Amino acid sequence: MANDYDAQAKNVMLDQLATVAVRWALHTADPGAADTGDNEVTGGSPAYARKAVAWNTASGGTATQNGDVVFDVPATTVAWVSL
């Protein structure tokens with residue numbers, strides 16, 4: 001049975017996660033283990049780069065991104081997204 005504590009607990013966890021999930025990255029295949037950046041997109045003009053992300057304060061057990069993130073991506077297939 002859901003109650004107010006469920007959303008409250010989720011909000012606390014999501015707000016904490018937002019402190020470490022600070023950049024988006026794009027990958028052409030499985031990005032591999034944490035912090036390896038395997039298969040990350042490269043190249044392009046302007047050059048591809050990881051992008052910073054900001055999060056709104058979690059509410060109702062949901063976290064939303066604060067604004068859009070726009071990537072410069074060369075002609076390739078992006079298969080994975082990582083934080």
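In this predicted model, the structure holds one salt bridge. The partners are E40 and R50, and their closest N and O atoms are 2.8 Å apart. Both residues lie in the loop between β1 and β2, so the pair ties together parts that are ten residues apart in sequence.

Strand β1 covers residues 23-27 and is joined to β2 by two bridges, the two strands running antiparallel. Strands of a sheet pair in general through backbone hydrogen bonds, either parallel or antiparallel.

W24 also takes part in an aromatic contact. The structure holds two aromatic pairs. In one of them, the ring centres of W24 and W55 are 6.3 Å apart and the planes stand at 50°, so the pair is tilted. W24 lies in strand β1 and W55 in the loop between β2 and β3, so this contact ties together parts that are 31 residues apart in sequence. W55 counts as partly exposed, with 26% relative accessibility.

Y48 and F71 also form an aromatic pair, and this one is stacked: the centres are 6.0 Å apart, with 10° between the planes. The pair links distant parts of the chain, with Y48 in the loop between β1 and β2 and F71 in the loop between β2 and β3, 23 residues apart. Y48 is buried, its relative accessible area being 11%.

| Residue | Relative accessible area | Class |
|---|---|---|
| W55 | 26% | partly exposed |
| Y48 | 11% | buried |
| V73 | 39% | partly exposed |

V73 belongs to a nonpolar patch on the surface. The patch is formed by V73, V78 and V81, which together have about 210 Å² of accessible area. V73 itself lies in the loop between β2 and β3. Patches are made of residues with over 30% relative accessible area, and V73, at 39%, is partly exposed.

Terms used. Residues are numbered from 1 along each chain as its sequence is written. This is a predicted model: local features need pLDDT of at least 70, side-chain atom pairs count only at pLDDT 80 or more; totals for chains, interfaces and linings use all residues. Side-chain values use heavy atoms; hydrogens and water are left out. Two strands pair if DSSP finds at least two bridges between them. Helices (H or I, at least four residues) and strands (E, at least two) are DSSP runs, numbered from the N terminus. Patches are made of residues with over 30% relative accessible area and no salt bridge: like charges are joined within 9 Å, nonpolar side chains (Val, Leu, Ile, Met, Phe, Trp, Tyr) within 5 Å. Accessible areas come from the Shrake-Rupley method with a 1.4 Å probe; for residues, only the protein chains shown count as cover. A salt bridge is a side-chain nitrogen of Lys or Arg within 4 Å of a carboxyl oxygen of Asp or Glu. Buried means under 20% relative accessible area, exposed over 50%, partly exposed in between (1.4 Å probe, protein chains only). Rings of Phe, Tyr and Trp (its six-membered ring) pair if their centres lie within 6.5 Å; planes under 30 degrees apart count as stacked, over 60 as edge-to-face and the rest as tilted.
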